[in-house]
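I opened this notebook to record what I looked up in one structure. The entries follow in the order in which I made them.

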Amino acid sequence: MSTLMRATHTFTKLLSPSSDSFSLRPSASLLTRHQMSTEAENVIARLKNSGLLLSQGLIAGKWIDAHDRKTIKVCNPATSEVIVDVPCMGQKETNDAIPSAYESFYSWSKLTATERSKYLRKWYDLLIAHKEDLGQLFNLRARKTSERIPG
């Protein structure tokens, strides 16, 4: 599993709140609904094909679906289009993740500050290398057009 996939998964999870119970209408100065729809479809397809937009959860180093296969739709609020379906993970998945997280924390804490900084720098470099794509993903989820939030 690549470091880019792990970093992207973390970034995607941060951008995917569990509920979005309100909706904001785009202003007239933004792209029309059809233009945004076409642009969003293109961005989503490109991100999925590049591996930057994943639809599974990372538990114990493996990308998995929810045990019961339930998903949550993450939508573009401007168009109501589904960006991605993410697993609706609950108690079973949490119980699977806790031992792995504990083990990871223990092994991470054994690393020196220099060793940790190398991993963090690699993650930073990957984010910078893919900032345009990650910015477009954020734009889809944050009700913005690409003109308003640079990558």
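**Entry 1: contacts along the chain.** I note that the model is predicted: local features need pLDDT of at least 70 and side-chain atom pairs pLDDT 80 or more, while totals for chains, interfaces and linings use all residues. Residues are numbered from 1 along each chain as its sequence is written, and side-chain values use heavy atoms, without hydrogens and water.

**Entry 2: elements and surface.** I found five helices and four strands in the chain; these are DSSP runs numbered from the N terminus, helices being H or I of at least four residues and strands E of at least two. Their order from the N terminus is α-α-β-β-β-β-α-α-α. Of the 151 residues, 28% count as buried, which is defined as under 20% relative accessible area with a 1.4 Å probe, protein chains only. The accessible surface of the chain (Shrake-Rupley method, 1.4 Å probe) comes to about 10000 Å², and carbon and sulfur atoms hold 56% of that surface.

Entry 3: I then turned to β3 (residues 71-76) and β4 (residues 81-87), which pair in the antiparallel sense over six bridges; pairing requires at least two DSSP bridges between the strands. Asn76 has Glu81 in β4 as its bridge partner. Four residues lie between the two strands of this hairpin, and Ser80 in the turn has a positive phi of about 65°.

**Entry 4: helix α3.** I looked up the span of α3 (residues 91-109): its 19 residues reach 26 Å from first C-alpha to last, close to the 27 Å expected. The expected span is 1.5 Å times one less than the number of residues. At Ala97, α3 bends by about 25°, and Pro99 follows within four residues. The bend is the angle between axes fitted to the seven residues ending at a residue and the seven starting there.

**Entry 5: Asp133 and Leu52.** Which residues does Asp133 contact, leaving aside its neighbours within four places in sequence? I found Arg46, Leu47 and Leu52. Asp133 belongs to helix α5 (residues 131-141), and its side chain makes a polar contact of 2.7 Å with that of Arg46. A polar contact is a pair of N or O atoms within 3.5 Å; within protein, one must be able to donate a hydrogen and the other to accept it, and residues adjacent in sequence count only if both atoms are side-chain atoms. Leu52 lies in the loop between α2 (33-50) and β1 (57-59) and is buried, with a relative accessible area of 3%. Leu52 and Leu134 are 82 residues apart in sequence, yet their C-alpha atoms are 7.8 Å apart in space.

Note on methods
Contact means heavy atoms within 4.5 Å. Buried means under 20% relative accessible area, exposed over 50%, partly exposed in between (1.4 Å probe, protein chains only).
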